[in-house]
2 protein chains.
Amino acid sequence: MREKISIIENIMSANDRLAEENRILLDQAGVFAINIMASPGAGKTMFILKTLEALDGRLRMGVIEGDIATSIDTEKAIAAGMPAVQINTGGDCHLDAVMVSNALKALPLNELDVVIIENVGNLVCPASFALGTHINVLIASIPEGDDKPYKYPGIYRGIQALVINKIDLLPYVQFKMDYFSEGVNILNPGLVTFPVSAMTGEGMHNWVNWLVNQVKG
Amino acid sequence: MREKISIIENIMSANDRLAEENRILLDQAGVFAINIMASPGAGKTMFILKTLEALDGRLRMGVIEGDIATSIDTEKAIAAGMPAVQINTGGDCHLDAVMVSNALKALPLNELDVVIIENVGNLVCPASFALGTHINVLIASIPEGDDKPYKYPGIYRGIQALVINKIDLLPYVQFKMDYFSEGVNILNPGLVTFPVSAMTGEGMHNWVNWLVNQVKG
């Protein structure tokens, strides 16, 4: 048992050291980086594409797409005109700083203001691995249900902004916003929150204005 | 690198051995066990509660609820009149055979026909850990999107039945059933599939009739 714990500690500290190197590389290039985490199917990729659209040229954006398999998301990003790199983790349930370090080398950092890293769809594992980004953002999603902060507290604790996506589905599902917000507030008081529908575009301007302030402010 | 691989092998074989013991325990008690896996918020708990309702007494059912934290789901199951045990994994992203072994001891197996084990909401990690159940069932969900078989192939390969939940939301989201089904068929040809809405009850009788046949047939 003690041996297992010491192995995990070693992995974590190597990851943290590499995450720091990623941060230095990003800062030297003047690039603000965001780690976007969410359940599978919360709408990460569409949210990123609609962020590019709502930015309307105010920031130059690149993306790193993390998936177990496929390059579906990177194809979408490139089709939208963004520099994009795909990471396939094989079976791994999260990105780590090594994978991101390799991906950053494949992006034209000097031509970018912001890099969005789309983590593997998962509310557990990604919360434990620093990537070197400036902020962590979680995308919650209305059809996922209002009890997720209570059930996945770790990921809600470690974020600097929360997006609540698919608010267009509120009329069709059981979702008590008060109960959800109370759970978030216990774990991460005062967390900045953006209710949006990436599909309809509702709320995207509030998010994008905040993002521009973070990057340029 | 070689050391890391050998450690993983040891963990897996210990888990597999315990999974076998769980299976023997279940068979001796004449209990059919189902491992239900899904993303967070795909509707596992509601699906289980509606399964109990649709069974209408044809099978005596108990549940084991797996979550990172809280006992919300177990409280719902007990309120519905089922014997239920909660497993809190702490930070672990999946159940394993040890946790299930302990939980089985807390259930009145001799009074049950079927035990449903609700795994942690996650499309990656649970696929790698046998629990000793007779079948693995995945609940996909319409608002998750139609690309999930392509992105999370491992979990689609290892299941004996697929539930497609929240079909009542089909009119409100972009979901191409042909594209989804094609992906499933590549990974798991001929997989038995149940499109349902646990909320409205649509399709639940097909699933429940199939389940009764599995258990008693």
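**View 1. Helix α3 of chain A and its packing.** The buried residues of α3(A) pack against α2, β2, β3 and β4 of chain A. The coordinates are those of a predicted model, in which local features need pLDDT of at least 70, side-chain atom pairs count only at pLDDT 80 or more, and totals for chains, interfaces and linings use all residues. Residues are numbered from 1 along each chain as its sequence is written, while chains are lettered from A and ligands numbered from 1 in the order in which they are written. Helix α3 spans residues 72-79, and its buried residues are A:D73, A:T74 and A:A77. Seen down the axis of α3(A), these buried residues fall within an arc of 95 degrees, so they line one face of the helix. The arc is that of the directions from the helix axis to the C-beta atoms. A residue is buried if 20 or more other C-beta atoms lie within 10 Å of its own, exposed if 12 or fewer, and partly exposed in between, with C-beta atoms placed from the backbone. Contact requires that the C-beta atoms of two residues, placed from the backbone, lie within 7 Å. Helices (H or I, at least four residues) and strands (E, at least two) are DSSP runs, numbered from the N terminus. α3(A) is followed by A:G81, whose phi is positive, near 95 degrees.

**View 2. The sheet of chain A.** Chain A has an open sheet of 7 strands in the order β3-β2-β4-β1-β5-β6-β7, with parallel pairing. Two strands pair if DSSP finds at least two bridges between them. β3 (84-88) and β7 (192-195) of chain A are the edge strands, each pairing on one side only. From one strand to the next the twist averages 20 degrees. Strand β5 (residues 135-141) of chain A is joined by 5 bridges to strand β6 (residues 161-165) of chain A, and the two run parallel. The bridge partner of A:L138 in β6(A) is A:L162.

**View 3. Helices α2 and α4 against the sheet of chain A.** Helix α2 (residues 44-55) of chain A packs on the sheet and touches β1 (32-38), β2 (61-67), β4 (114-118), β5 and β6 of chain A. The direction of α2(A) makes about 165 degrees with that of β4(A). Helix α4 (residues 97-105) of chain A lies across β2, β3 and β4 of chain A and runs at about 150 degrees to β3(A). Axes are lines fitted to C-alpha atoms, for helices over the stretch in contact, and angles run from 0 to 180 degrees between N-to-C directions.

**View 4. From β6 to β7 in chain A.** β6(A) and β7(A) run parallel and are joined by 4 bridges. In β7(A), A:P195 is the bridge partner of A:I164. The chain crosses from β6(A) through helix α7 (residues 177-187) of chain A to β7(A), in a right-handed β-α-β crossover. Right-handed here means that, with the strands pointing away from the viewer, the path from the first strand over the helix to the second runs clockwise. A:K166 sits in the loop between β6 and α7 of chain A. Its phi is near 65 degrees, a positive value in a residue other than glycine. A:K166 counts as buried, with 30 C-beta neighbours inside 10 Å.

**View 5. The contact between chains A and B.** The contact takes 29 residues from chain A and 29 residues from chain B. On the side of chain A that touches chain B, the elements giving two or more residues are α5 (148-151) and α6 (153-157) of chain A. The largest share of that side, 3 residues, comes from α5(A). Of the interface residues of chain A, 100% are also interface residues in chain B, so the copies meet through the same surface.

**View 6. Loop residues of chain B.** B:L109 lies in the loop between α4 (97-105) and β4 (114-118) of chain B. With 18 C-beta neighbours inside 10 Å, B:L109 counts as partly exposed. Leaving aside neighbours within four places in sequence, B:L109 is in contact with B:A29, B:V31 and B:L104. B:D56 is in the loop between α2 (44-55) and β2 (61-67) of chain B. B:D56 has a positive phi of about 50 degrees although it is not a glycine, and B:D56 is exposed, with 9 other C-beta atoms within 10 Å.
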